[in-house]
Amino acid sequence: MDLNTFTQRSQQAVVHARDSATSLKHQYVRNEHLLDGLLAQPDGITYSILAKLGAHVSDIRGPIDAAIGAIPTVVGGNDVAFAQEALDSLAAAQDEMSTL
C-alpha cells in the first residue's frame, strides 16, 4: 500500500489517526483511529456520505470515542504500527480508488 496514491485529505486523515494513536499511547492504529481521522474533517466527504445515509456525526462520535477509549495503552516507546485491520481497510480503500 502506498499512501502517496491517496488524496491529500485522505493522507491527512491517516496522519491524524497515527498522531491520535500515538498521543493516546496506543500500540496500534486501528480502524477506530482511521474513522476518527475522517471525522476530524468536518468539510470532508465523510460528513456528506453520512448525511446521504441519514446519519449524523453525533450518532457515531460517541461510540467511536468510547471504542478508542477502551483500547489499552502501552508504556514506553512512541512507535505506533498499523494494525492488520487498519492496513486491510486502507488497502481496500486504495483498491476502490483504482476503480474510479
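pLDDT is the predictor's confidence in each residue, on a scale from 0 to 100. This is a predicted model, so local features need pLDDT of at least 70 and side-chain atom pairs count only at pLDDT 80 or more, while totals for chains, interfaces and linings use all residues. Residues are numbered from 1 along each chain as its sequence is written, and side-chain values use heavy atoms, with hydrogens and water left out.

**Figure 1. How confident is the predictor, and where is confidence lowest and highest?**
The protein averages a pLDDT of 92, and 100% of the residues score at least 70. Confidence is lowest in helix 3, at a mean of 91, and highest in strand 1, at 97. Helices (H or I, at least four residues) and strands (E, at least two) are DSSP runs, numbered from the N terminus.

**Figure 2. A look into the largest pocket.**
A pocket here is worked out on a 1 Å grid over the protein atoms alone: it is an open set of points where a 1.4 Å probe fits, with protein on both sides within 12 Å along at least five of seven lines. Lining residues have an atom within 4 Å of a point. The largest pocket holds about 540 Å³ of space, where a volume is the space filled by probe spheres set on the points, and points are joined across faces, edges and corners. Its lining has 21 residues, with Phe-6, Ser-10, Leu-38, Thr-46 and Ala-93 nearest the centre. Helix 1 (8-23), helix 2 (31-39), helix 3 (45-52) and helix 5 (84-98) each supply at least two lining residues. Sort the lining by type and you get 13 nonpolar, seven polar and one charged (Ala, Val, Leu, Ile, Met, Phe, Trp, Tyr, Cys and Pro count as nonpolar, Asp, Glu, Lys and Arg as charged, and the others, Gly among them, as polar).

**Figure 3. Arg-30 and Glu-85 meet in a salt bridge.**
A salt bridge is a side-chain nitrogen of Lys or Arg within 4 Å of a carboxyl oxygen of Asp or Glu, and the count comes to six. For Glu-85 and Arg-30 the N to O distance is 3.7 Å. Glu-85 sits in helix 5 and Arg-30 in the loop between strand 1 (28-29) and helix 2, so the pair ties together parts that are 55 residues apart in sequence.

**Figure 4. Arg-61 pairs up with Asp-36.**
The closest N and O atoms of this salt bridge are 2.6 Å apart. It links distant parts of the chain, with Arg-61 in helix 4 (residues 57-69) and Asp-36 in helix 2, 25 residues apart. (Buried means under 20% relative accessible area, exposed over 50%, and partly exposed in between, with a 1.4 Å probe and protein chains only.)

**Figure 5. Ile-64 and the buried residues of helix 2.**
Ile-64 belongs to helix 4 and is buried, with a relative accessibility of 12%. Leaving aside neighbours within four places in sequence, Ile-64 is in contact (heavy atoms within 4.5 Å) with Glu-32 and Leu-35. Over in helix 2, the buried residues include Glu-32, His-33 and Leu-34. Helix 1, strand 1, helix 3, helix 4 and helix 5 are among the parts that cover the buried residues of helix 2.
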